[in-house]
Each structure stands twice: as C-alpha cells, then as structure tokens.
Number of protein chains: 2
Amino acid sequence: MKLKELAEHLGLSQTTVSRALNGYPEVKESTRLMVQETAARLGYRPNASARRLATGRAGAIGFVLRGSEEFGPHTTEFLAGLSGRLAEEEVDILLTNVDSYQEELAAYRRAAASKKVDAFILHSPKLRDERAELLHDINIPYILHGRTEIGRPHAWLDIDNQGAMERATSHLIDLGHRRIALINGVRGRTFAEHREAGFRAALAARGLPVDPALMANAIFTDEVAFRLAQTMLELKPRPTAFLAGSMMTALGIFRAIRQAGFELGKDVSIIAHDDVFPYLNADNMFPAMSTTRSSIRAAGVRIAELILQLLDGKPAGAIHELWPVDLVLRQSSGPPR
Amino acid sequence: MKLKELAEHLGLSQTTVSRALNGYPEVKESTRLMVQETAARLGYRPNASARRLATGRAGAIGFVLRGSEEFGPHTTEFLAGLSGRLAEEEVDILLTNVDSYQEELAAYRRAAASKKVDAFILHSPKLRDERAELLHDINIPYILHGRTEIGRPHAWLDIDNQGAMERATSHLIDLGHRRIALINGVRGRTFAEHREAGFRAALAARGLPVDPALMANAIFTDEVAFRLAQTMLELKPRPTAFLAGSMMTALGIFRAIRQAGFELGKDVSIIAHDDVFPYLNADNMFPAMSTTRSSIRAAGVRIAELILQLLDGKPAGAIHELWPVDLVLRQSSGPPR
C-alpha cells in the first residue's frame with residue numbers, strides 16, 4: 001500500500017498523513033493516533049527513504065578493516081550476506097581501511113563526529129576488545145560478529161567454535177587417532193581461543209596429552225598451512241590427523257600430505273572448518289573434505305537483521321545468538337592405518 | 001610539517017594561513033600567493049580532514065554490486081587494493097548492493113542527490129554500458145575498471161584481455177593442440193568478449209576452425225566449470241587443451257580431467273587466467289598451473305590513484321591505462337600425447 005492510497009482511505013491529505021506517521025507536532029494527537037492505527041491495520045509501510053528522512057539516519061553501517069590482508073574470502077562472504085539484507089532497507093555499508101589498531105580507534109571517533117554511519121559491525125574480536133569499549137563509551141550502536149568480554153551489555157552473534165572443535169576432535173579420537181594436529185587461526189582472536197579450548201577439552205576427556213609441536217596459530221592461507229603441515233609431518237611419530245582452521249588451511253595441509261607421499265583420508269585425515277565458500281566446495285574436493293560447517297554468509301544476513309533491530313530500539317543486551325555448527329563427515333577423515 | 005610550524009615560519013596566525021591555503025576571499029591576494037608558495041617550497045601538505053573541509057568533499061568513493069553473487073574473490077581482491085590506497089587519503093568506500101540493473105541506475109541517481117560519494121567506480125562493464133552514460137549525464141565523476149564504448153570521454157583502466165588470450169591460444173597451437181576449449185566469463189561483459197576475440201584471432205591466424213561445442217560462457221565457479229568441462233571431455237574427438245577464464249574455473253576443469261581418468265599437463269592441458277589470489281596460488285597447485293596473469297589487487301591500487309587524479313581536476317579523457325598481461329608457463333600445459 002502506498003502513502004497515496006492510505007491518504008485516500010483516510011480522507012486526509014498525503015502531507016497530513018505523512019506528518020502524522022512521523023509524529024510532527026502540528027498534527028493533533030487524536031488524528032495522529034487514528035492515522036497510525038489505520039496504517040498498522042492496513043499494513044502500510046513507508047519506504048526506506050521516507051523513514052530515513054523521518055528518523056535522521058545516515059543510512060549506512062560502518063565496517064572497518066585493518067590492512068589489505070583482512071580482505072579475504074571470509075570478509076567477502078560475510079559482506080555478501082550483510083549487504084544483501086541491508087539492501088532491502090536501502091542501507092549501504094561504509095568500508096574504512098586502516099593501517100593499525102590505533103588508527104582503527106581513531107576511525108570510530110571520526111565516524112561518531114561525522115555521523116556518516118548509524119552503527120558499526122565489529123569483526124574478529126579479541127577476548128577483551130578495546131574497540132567495543134570505545135564504541136560503548138562514545139555511544140555508537142554496534143554488534144559483534146564473534147564474542148568478547150567487556151563487562152557491559154552489547155549485541156553479538158557467534159558460532160559455537162568451542163563445541164564444534166570438541167566434537168571434531170572427539171570424532172578423530174573415536175576413529176583411533178592419537179596424534180592429532182591443530183592448525184588454528186591467529187592467537188588472541190576469540191574464535192581461535194575458543195577452538196583451542198574445545199580441542200584441549202576433547203583430549204583431556206580421553207586422557208590424551210597435548211603436544212605443543214602439533215599446535216600452530218597462523219593466518220588462513222594455503223601457503224602458511226603448507227609449511228606448518230610439512231614440518232609436523234616430519235615429526236616422529238608424525239600426526240595421523242589434522243584439524244584445519246579454514247578451507248584455505250586445508251588446501252595447504254592437503255598439498256603437504258600429497259607431497260610427502262601420503263594418501264588423504266587413509267594415511268592422514270583432515271577435518272576442516274568450512275565457512276561455505278561458493279567457489280570452494282568441500283563436497284567437490286577430491287577426496288571430498290570432512291568439515292565443521294557454518295555459513296558465514298548466513299551470519300552476515302542475520303547480523304544485518306539484528307543491527308536493524310538494534311537501531312529500532314531493541315536493547316543491545318537482549319541481542320545474543322550462539323549458532324550450533326554442523327559436523328559433516330566425508331572422505332578426508334577415516335581411521336588411521 | 002604541521003600547520004602550526006608553517007604559520008610560525010611565516011609569522012602569521014594559523015587561521016590566516018589556513019584561509020590563505022584554502023583560497024578564502026578575506027585573505028589578500030598577495031598574502032595568499034606568498035603563503036601558497038612557501039607551503040609548496042617547504043613541502044607542507046594539509047591533512048585529509050582539513051582538505052576535505054576545504055573542498056567540501058564527501059570523502060567516499062561509491063561501488064555498487066548487483067546481488068550477492070558479485071561478492072566473489074575478484075571483487076574482494078580489487079577492493080583490497082582500492083581501499084588500501086584510498087585509506088592513505090582517509091577516503092572510504094561506500095558499498096551499495098542492488099537487486100537489478102534498474103535499481104543500480106536508481107542508486108546512482110540517489111547518490112548524486114545525497115552527495116554521499118565523490119565519485120563511482122564502475123566494474124564489469126558491458127560493451128556499451130548504460131551506467132557510464134547515466135553517470136556522464138548526471139555529472140558524477142567515475143572511472144571504469146574495464147572498457148566500454150559510450151562515445152564520450154571517460155576514465156578507464158583495463159588489462160589487455162584480447163592480447164593475453166591470443167598469446168595463450170597461439171602457444172597451445174604451437175605445442176600441437178588442435179582441439180582447444182574456451183570456458184569464458186559471462187557473455188556481454190567486455191572482458192569476455194575481448195577474450196573470445198583473442199581466441200578467435202589466434203585460431204584464424206593458423207587456419208583452424210572455431211568449434212562452438214568447445215566454447216562456453218559462464219560465471220566463474222568450480223561447479224559450473226566442472227560440468228561444462230565434463231560435457232566437453234565426452235566429445236569425440238575430445239579437446240586436448242582448455243583455456244580457463246579464472247582460477248576457480250580451472251579448479252573445476254582440473255576436477256573433470258581427473259575424474260575422467262586423464263592426466264593434467266599430459267593428456268589434457270590447461271592455461272587459466274589468474275587474477276592473483278593470495279589464498280589460491282597457481283605455483284602451489286599440483287601440478288603447477290600455467291596462467292595468463294595480472295594482479296587485480298594492483299589494478300585496485302592504481303584505480304584509487306587515478307580517481308584521486310580525476311577528483312583533483314585531471315580530465316577524464318586523459319585517464320586511460322591498458323595493462324599488458326604475463327603468460328606464465330608451468331606444468332599444466334604441454335604438448336598433446
């Protein structure tokens with residue numbers, strides 16, 4: 001239903017109806033209530049531009065990236081989901097690139113002053129994230145993709161990294177693996193710490209020792225994972241299974257396994273975390289890759305919805321979602337020979 | 001050098017110096033010239049925020065994506081280069097996602113009215129691109145990543161797709177291949193049309209026929225390329241070499257070759273176009289992939305520089321760059337058995 005139709009239905013001018021809906025003081029209270037009730041009953045919804053004019057919003061959500069290396073497949077997939085959903089409300093994404101952590105904090109302060117964005121999305125949080133504290137202090141709405149501890153109510157959406165890793169590790173132990181390697185994300189990031197906690201919990205539950213030589217933290221690229229896996233495969237006794245932090249990591253481990261003359265899924269197993277990239281399908285790999293799976297694009301869509309709720313007045317402390325993670329078993333994991 | 005130091009050097013107040021640099025009429029012409037000459041001589045450069053205030057710029061460049069499927073690895077790499085360079089000038093990127101071509105045109109009109117961006121980058125242009133015509137008509141600065149024909153002066157940067165494909169095809173013919181397949185990008189996009197023209201030119205130069213059954217246009221994913229290559233490999237006689245439009249396409253073709261029981265680089269050759277993704281390295285593939293190579297991230301960096309030149313007053317018609325493309329031969333291409 002359009003504004004024109006609503007006005008005709010009410011027998012009022014479009015100007016009066018628009019002012020009533022936006023709470024202008026020149027419209028009588030009784031008229032305002034009548035217009036708003038009728039609009040709600042008939043399902044009238046003002047378009048995005050009209051709402052923005054009425055609310056004084058910037059119509060953009062801020063997203064800050066530190067350096068070009070943060071533009072990876074994970075960021076792309078997340079932004080694809082986020083921007084697709086925001087587009088339905090004609091909300092844009094303002095991307096700011098900064099060189100350092102200090103510059104990132106400065107960018108938030110500048111954005112607060114310039115009013116170019118209505119809210120921020122914080123990604124890859126640390127266990128205790130100063131950025132969240134700053135945004136809280138300068139009173140800009142924000143939501144975390146991931147979790148942090150700052151002792152103040154804030155909105156977040158995360159996947160159950162700890163539970164996923166605990167389950168994958170337990171499964172490998174059940175298959176008979178005793179030397180299991182973990183090639184994890186960068187140390188200090190909450191998701192990587194949670195995954196390590198899950199890995200350690202599963203080993204501890206079965207009385208298995210943690211071998212620091214079988215654990216590494218690194219960025220998610222094929223090249224780095226290849227070198228780390230190569231070194232680990234030279235250990236005696238060598239690992240019989242790998243847990244990979246990402247699909248890119250898995251490709252590097254896979255290459256090291258092949259180059260060492262081992263067979264994937266027979267001599268050495270892999271379970272990789274899969275954020276679901278349309279151009280790198282675990283099912284299509286050869287052999288198909290076992291994964292812990294959660295769509296980062298779907299998380300982007302949902303975070304768009306949550307941030308719209310936040311801007312509509314839902315309390316930040318009431319916006320928490322922890323998503324379970326699937327364990328999908330394919331050919332890359334099996335019992336050790 | 002800071003504004004304060006420049007003012008002290010000149011024996012003037014900071015306010016006067018700032019006004020002189022920004023051409024305010026309340027500063028005498030002789031003072032303005034003296035301040036500007038001294039500033040230039042001493043290498044004084046006002047910071048980004050100060051320049052923006054002085055110029056009235058929005059401090060953001062617009063980038064419109066149609067649908068979530070345009071958020072792929074190519075876009076990411078391009079944005080990484082673009083935003084890294086723009087960050088040096090404290091310029092952001094405003095990402096707008098739209099559902100359709102008509103909505104994309106509407107987004108440009110809205111942006112022109114709202115003054116949220118100073119210029120746009122048009123990507124994946126068609127041979128004759130209506131978007132460029134619109135931006136020209138509504139008088140918003142823009143630069144094309146790629147080329148189009150609109151009969152008006154405009155800024156662009158492109159790689160030599162036609163030359164690259166002609167060279168790769170000629171090389172395969174030199175090796176002895178006569179049945180060469182081309183899995184190209186989406187029809188109608190300038191880059192795909194230029195590549196097809198290069199392919200046809202190389203075949204024609206050696207008197208070889210074009211077989212439509214060995215040509216396909218598709219989006220750049222592993223899955224689609226896998227199916228197309230599978231069908232082509234069932235032809236009799238089958239192709240002995242493939243030209244792949246992207247690294248993702250190459251992965252799909254590679255999978256089809258393996259699944260059909262052929263050996264890559266021996267039974268069937270591939271040369272792929274490589275935009276240089278940090279997480280998918282042609283050198284690290286097994287066997288290593290022969291490529292036509294041009295860094296799309298480097299193109300993003302350079303387009304940032306060109307758009308800053310455009311905003312500083314360089315005529316759009318004087319901003320044209322056509323980059324040559326490397327042909328890098330590795331193990332995935334060799335003579336047919």
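This is a predicted model: local features need pLDDT of at least 70, side-chain atom pairs count only at pLDDT 80 or more; totals for chains, interfaces and linings use all residues.
## Reading the interface of chain A and chain B

Trainee: What area is buried between chain A and chain B?

Mentor: The size of an interface is often given as the accessible area lost when the parts come together. Between chain A and chain B about 3300 Å² is buried, and carbon and sulfur atoms give 54% of this area. Of the area that chain A buries against chain B, 19% is supplied by Phe71(A), Tyr279(A) and Asn284(A), more than by any other three residues. In terms of contacts, 37 residues of chain A meet 38 residues of chain B.

Trainee: How many salt bridges does the rule find across the interface?

Mentor: Side chains of opposite charge can pair when their charged atoms come close. Across this interface the rule finds four salt bridges. One of them joins Glu90(A) to Arg110(B), with the closest N and O atoms 3.9 Å apart. In another salt bridge, the side chains of Asp92(A) and Lys116(B) meet at 4.0 Å, N to O. This pair crosses between chains, from strand β2 of chain A to the loop between α6 (101–114) and β3 (119–123) of chain B.

Trainee: How many residue pairs are in polar contact between the chains, and which elements give two or more residues to the side of chain A that touches chain B?

Mentor: Nine residue pairs, both members at pLDDT 80 or more, are in polar contact between chain A and chain B. The elements of chain A that give two or more residues to this side are α5 (73–87), β2 (92–98), α10 (222–233) and α11 (247–259). The largest share, eight residues, comes from α5(A). By class, this side of chain A has 16 nonpolar, 10 polar and 11 charged residues.

Trainee: In which sense, parallel or antiparallel, does β2(A) pair with strand β2 of chain B?

Mentor: The pairing of β2(A) with strand β2 (residues 92–98) of chain B is antiparallel, over three bridges. Within this pairing, Ile93(A) stands opposite Leu95(B) in β2(B).

Conventions:
Residues are numbered from 1 along each chain as its sequence is written. Chains are lettered from A and ligands numbered from 1 in the order in which they are written. Side-chain values use heavy atoms; hydrogens and water are left out. Contact means heavy atoms within 4.5 Å. Buried area is the accessible area (1.4 Å probe) that two parts lose on being put together, summed over both. A polar contact is a pair of N or O atoms within 3.5 Å; within protein, one must be able to donate a hydrogen and the other to accept it, and residues adjacent in sequence count only if both atoms are side-chain atoms. Helices (H or I, at least four residues) and strands (E, at least two) are DSSP runs, numbered from the N terminus. Ala, Val, Leu, Ile, Met, Phe, Trp, Tyr, Cys and Pro count as nonpolar, Asp, Glu, Lys and Arg as charged, and the others, Gly among them, as polar. Two strands pair if DSSP finds at least two bridges between them.
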